[in-house]
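Please open the model in your viewer and keep the sequence panel beside it. The stops below each give a selection and then what is found there.

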Amino acid sequence: MNKVGIVSYGSYIPKYRISVEEIAHIWGEDATELKNQLQVPKKSVLGLDEDVVTMAVESARNAVNLWDGDPKLIGAIYVGSESHPYAVKPTATIVSEALPTGKEIMAADLEFACKAGTAGMQMCFGLVKSDMINYGLAIGSDDSQAKPSDPLEYTAAAGSAAILIGREGIIAELEGTYSVTSDTPDFWRREGATYPSHGQRFTGKPAYFQHSIDATKGMMNQLQTNPSDYDYVVFHQPNTKFPLSVAKMLGFTKEQVELSLVCRHIGNTYSASSMLGLNRILEKASSGERILMTSYGSGAGSDSFSFMVTDKIEELQAYPFDIEYYIKRTIDINYGLYTRYKGLLK
Amino acid sequence: MEPPKIWREKRQRYLALGISCKKCGKRSFPLSEYCPYCGTNDVEEYRLAETGKILYFTNVSMASNEMAFNAPYCLGIIELNDGIKVTGQIIDCDYKDLKNGMEVKMVFRILARDGHEGLIKYGFKFTSI
Ligand SMILES: [Zn+2]
């Protein structure tokens with residue numbers, strides 16, 4: 001069988017941050033209580049001249065620069081997001097031209113709430129494995145929206161992650177992937193609506209937890225692996241508490257999940273969330289280590305992946321614009337500026 | 001914002017393309033059919049260096065309609081590491097924190113938006129490293 005895996009990865013997080021205190025102050029909420037609950041002290045916010053496209057391009061360029069290959073060899077680009085700037089006019093076309101790839105390329109924008117990026121990864125794995133393309137680029141990029149004063153306002157953040165998939169120069173080989181899907185109305189946004197709605201507590205147990213658990217168990221069952229066979233595990237991160245809880249329910253330790261928790265620094269980046277967690281692990285992992293990743297998208301579904309890190313990983317770990325770089329470069333803004341940056345003033 | 005103009009200029013704006021002259025060897029920006037130094041049309045496309053340093057900068061508060069969304073903004077002349085000088089916005093920074101000689105890198109950003117229903121124009125800007 002053909003080997004297939006990750007050959008490079010790139011991340012992007014905007015520079016602006018707003019703290020839980022700053023938001024809680026506006027709505028008269030208890031910031032300390034919220035921080036204990038969510039374990040997200042601040043979240044990333046887009047600059048005035050940024051959107052899902054610009055973030056996708058930055059993460060994709062980081063992936064291509066780190067790889068140091070010819071972007072013309074990329075045969076497919078899929079961009080997952082629930083906040084594409086155009087309702088009609090694909091983000092993927094702009095990313096393609098900004099790399100630039102060749103014109104002979106498959107491309108599409110995907111939507112599946114927070115798991116549209118990992119759906120793109122699966123498409124690329126399939127296309128590479130079946131020899132239809134040499135390399136495929138899957139991107140998760142989101143500038144998530146939250147209604148002012150909604151609980152989601154404390155965590156809805158912005159960021160992008162790009163994963164380059166191929167069969168040559170693999171740094172993390174795909175061992176298997178497994179998905180679950182069900183019609184679950186936990187979180188939605190109707191066409192033309194500015195903000196998403198959600199089923200409050202319903203978003204937890206039957207939605208996030210059930211799907212993440214089913215996909216992860218299915219993945220491990222398929223490969224006959226156990227939690228202890230993995231060095232790192234990544235889950236979708238709507239806040240920091242959920243991935244820690246689901247890890248515990250499945251029998252993973254806090255240590256296995258901790259490195260992936262980018263949410264702790266920047267909040268929930270939706271389609272980019274689990275992929276940024278994976279990128280952070282790829283930045284630190286060593287040859288022979290095993291990674292399990294499970295995304296979650298409302299609506300609902302989960303994609304689980306098992307990866308084995310190869311000895312090529314070290315060649316792709318010394319890169320100046322890694323997640324640490326983006327986490328550290330920050331400009332704190334107050335709620336007034338936040339309303340301007342998020343376009344809340346109509 | 002006319003679609004044909006956006007479409008024609010996209011590569012130059014996305015990729016920061018200039019020309020390299022096959023006759024006199026000089027490189028220049030922007031993209032042109034002729035070398036501004038020797039006048040030959042024997043030129044090839046050249047992608048500018050992605051990093052450089054600030055030579056001069058100013059603050060722009062009176063912006064055109066399409067760019068008002070992001071005003072006030074800093075505008076600078078950047079000397080790229082390949083020696084070419086270009087004008088561009090310097091973003092994600094305060095005017096008072098900018099200094100001549102500061103190192104910058106090229107980033108992909110929104111240059112202009114045509115209202116809420118029109119096209120979005122993307123291209124390169126600069127940010128401190
Ligand atoms: Zn010349």
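**Before selecting**

This is a predicted model, in which local features need pLDDT of at least 70 and side-chain atom pairs count only at pLDDT 80 or more, while totals for chains, interfaces and linings use all residues. Residues are numbered from 1 along each chain as its sequence is written, chains are lettered from A and ligands numbered from 1 in the order in which they are written, and side-chain values use heavy atoms, with hydrogens and water left out.

**Stop 1: the interface**

Colour chain A and chain B separately. Contact (heavy atoms within 4.5 Å) involves 26 residues of chain A and 27 residues of chain B. The size of an interface is often given as the accessible area lost when the parts come together. Here the buried area (accessible area, 1.4 Å probe, that two parts lose on being put together, summed over both) is about 2100 Å², and carbon and sulfur atoms give 48% of it. Select A:Asp49, A:Tyr86 and A:Glu97 next: in chain A these lose the most area to chain B, together 27% of what that side buries.

Now show polar contacts. A polar contact is a pair of N or O atoms within 3.5 Å; within protein, one must be able to donate a hydrogen and the other to accept it, and residues adjacent in sequence count only if both atoms are side-chain atoms. Between chain A and chain B, 16 residue pairs are in polar contact, both residues being at pLDDT 80 or more.

Switch to a cartoon of chain A. Helices (H or I, at least four residues) and strands (E, at least two) are DSSP runs, numbered from the N terminus. Helix 3 (52-67), helix 4 (91-98) and helix 11 (323-328) of chain A each supply at least two residues of the side that touches chain B. Helix 3 of chain A gives the largest share, six residues. By class, this side of chain A has 15 nonpolar, two polar and nine charged residues. Ala, Val, Leu, Ile, Met, Phe, Trp, Tyr, Cys and Pro count as nonpolar, Asp, Glu, Lys and Arg as charged, and the others, Gly among them, as polar.

**Stop 2: salt bridges across the interface**

Side chains of opposite charge can pair when their charged atoms come close. A salt bridge is a side-chain nitrogen of Lys or Arg within 4 Å of a carboxyl oxygen of Asp or Glu. How many salt bridges lie between chain A and chain B? The count is four. Select A:Glu97 and B:Lys10, whose side chains meet in a salt bridge at 3.3 Å, N to O. Then select A:Asp49, A:Glu50, B:Asp92, B:Arg109 and B:Lys125, which are linked in a network of salt bridges.

**Stop 3: salt bridges within helices**

Over all chains the structure holds 21 salt bridges. In chain B, go to helix 1 (residues 3-15), where B:Glu9 and B:Lys5 are four residues apart and so separated by about one helical turn. Their closest N and O atoms are 2.6 Å apart in a salt bridge. B:Glu9 also meets B:Arg13 in a salt bridge (3.9 Å, N to O). Buried means under 20% relative accessible area, exposed over 50%, and partly exposed in between (1.4 Å probe, protein chains only). B:Arg13 is buried at 11%, whereas B:Glu9 is partly exposed at 26%.

In chain A, select A:Lys254 and A:Glu258, four residues apart in helix 8 (residues 254-258). This salt bridge has its closest N and O atoms 3.5 Å apart.

**Stop 4: a buried loop residue**

Select A:Ile171, in the loop between strand 7 (158-166) and strand 8 (172-181) of chain A. Its relative accessible area is 0%, so A:Ile171 is buried.

**Stop 5: backbone details in chain A**

Select A:Leu99 and A:Pro100: the peptide bond between them is cis, with omega near -10°. A:Pro100 lies in the loop between helix 4 and strand 5 (106-110). A cis peptide bond also joins A:Gly299 and A:Ala300, with omega about 10°.

Next select A:Gln39, a residue other than glycine with a positive phi, near 55°. A:Gln39 sits in the loop between helix 2 (31-38) and strand 3 (42-45). Finish at A:Ala113, where phi is near 40°. Is A:Ala113 buried or exposed? A:Ala113 is buried, with a relative accessible area of 6%.
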